[in-house]
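Have the sequence and the coordinates open as you read.

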Amino acid sequence: MRLAQSASLISTFGGASMNVFGAIVVAAIGLDFVLDLISNWLNLKALQLTLPPAAQGIYKEEDYRKSQNYIRKSTYFGLVRSTFALVVLLAFWFSGGFNFLDQLIRGWELVPVFSGLLYIAILLSAYGLLTLPFSIYGTFVIEERFGFNKTTPKLFILDLLKGLALAAILGGIVLAAILLLFQYSGTYAWLYCWAAVTGFSLIAQYVAPNWIMPLFNKFTPMAPGELKEAIAAYTRSVKFPVKNIFVMDGSKRSTKSNAFFTGFGNNKRIALFDTLIAQHSVPELVSVLAHEVGHYKKKHIIQGLVISIVHTGILFYLLSLVLSSTGLYHAFYVQEPSIYTGLIFFGLLYTPVELALSIIMNAISRKHEYEADRFAAETTGDPRNMVEALKKLSSTNLSNLTPHPFYVFLNYSHPPVLQRISAILGQK
């Protein structure tokens, strides 16, 4: 019966009569997909068979060939995954799936907020199950083939279950608050949602280092020794008091290495992957840490936080403008408008705005990376250590040394490594 209703609704609203909302969504996700295809094709065309002169000292010839193969395999795999996701979305949409699921849940006569939580949970769970084989293949085939993967099947399953539990608890709280506020708060619901989500995000960032991140990785306080003394001397020299310097067991999942800064206030911490420590000298590690300190000193973290808060406010305001429009629901063949389906559909409608914002944010991020590199080079007194650290990181992670500018423009939050090295050495 419900399938017949969905088919009737598609006949009424579909085909040539698709409204402006549906047209915008189709155009937006189509544009996003085409840009992804073009940028990846250009990126593959930009791969060079022989090691570029500027890359001498970063890769050995055999490792460079390995990096090119890794980039090709990862790119093709990503394209297959994104194509599959697009086909699933369009098939579900135009077969009336959104309305079918909505009518099914409405038949259970639950409280509206529970109906909304269940509706979104079912959609996300179904998508997760459909894309799970891609995650398994990416981890245990591609990453394994190129020597990166250290994740065991047991750890993979545990990570998956922990992620689902966190999403259900934390995501459920946030989603329930949004549904309730839009249901009962009237004109200023978007403002209350903005305040609630912002507050929740700030609290989550503060508690994440102590309560959330340790669920997935072990953070061990750095042991006394040459490295800790060098880091302490450096942080004193730049007046950056930090009590928490940790070593993270990144090696239990991958051979790739990294470092990061997280938290704020008295709860800020710097974490170095154990793989990073194993592959770099003490001066190089101090330079990497100096780069992270640079982000803090240059107020990049505060800037990012402010931008994120403003972005959240804009998103909720735009949501409030379209949530009551019946045309949005007709575009997806849904019979009865609801806040929870409106959230899903607005997310798709928001695609072109999100694409534009991501390009802007990536450009800002690349600028910040140059500034943090410069800070590290200046405050450590020897830019060569930062250069050597970047070279080793690129080699270890099989980074692309010659990405196409258009691909960088769309996707890179960090500048390509050769450009970073040139900037550090004063050649830019």
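A word on conventions comes before the tour. This is a predicted model, so local features need pLDDT of at least 70 and side-chain atom pairs count only at pLDDT 80 or more, while totals for chains, interfaces and linings use all residues. Residues are numbered from 1 along each chain as its sequence is written, and side-chain values use heavy atoms, with hydrogens and water left out.

Start with helix 10, residues 282-297; helices here are DSSP runs of H or I with at least four residues, numbered from the N terminus. Of the 16 residues, 13 are buried, so helix 10 is largely enclosed by the rest of the structure. Buried means under 20% relative accessible area, with a 1.4 Å probe and protein chains only. After helix 10 comes K299, with a positive phi near 60 degrees.

Which residues have the most contacts inside the largest nonpolar core? They are I231, Y234, L276, V293 and L401, in a core of 52 residues. Helix 10 gives the most to this core, with seven residues. Such a core is a set of buried Ala, Val, Leu, Ile, Met, Phe, Trp, Tyr and Cys residues joined through side-chain atoms within 4.5 Å. Beyond residues up to four places away in sequence, V293 touches Y234, V238, F240, I270 and F375; contact means heavy atoms within 4.5 Å. A second, separate core has 41 residues, including L86, I120, I178 and F332.

Now turn to helix 3 (residues 61-94) and helix 5 (residues 112-145), which pack at about 170 degrees with axes 11 Å apart. Angles over 145 degrees count as roughly antiparallel, and helix 3 and helix 5 are therefore roughly antiparallel to each other. Among the residues making the contact are F77 and F84 of helix 3 and L130 and F134 of helix 5.

Finally, look at two single residues. N43 lies in helix 2 (residues 20-45) and is buried, at 4% relative accessible area. Setting aside residues up to four places away, T235 touches F240, V242 and L289.

Terms used. Helix = DSSP H or I, 4+ residues; strand = E, 2+ residues; numbered from the N terminus. Expected span 1.5 Å × (residues − 1). Buried < 20%, exposed > 50% of the residue type's maximum accessible area, 1.4 Å probe, protein only. Axes fitted to C-alpha atoms, helices over the stretch in contact; angles between N-to-C directions. Parallel < 35°, antiparallel > 145°, perpendicular 65-115°, else oblique.
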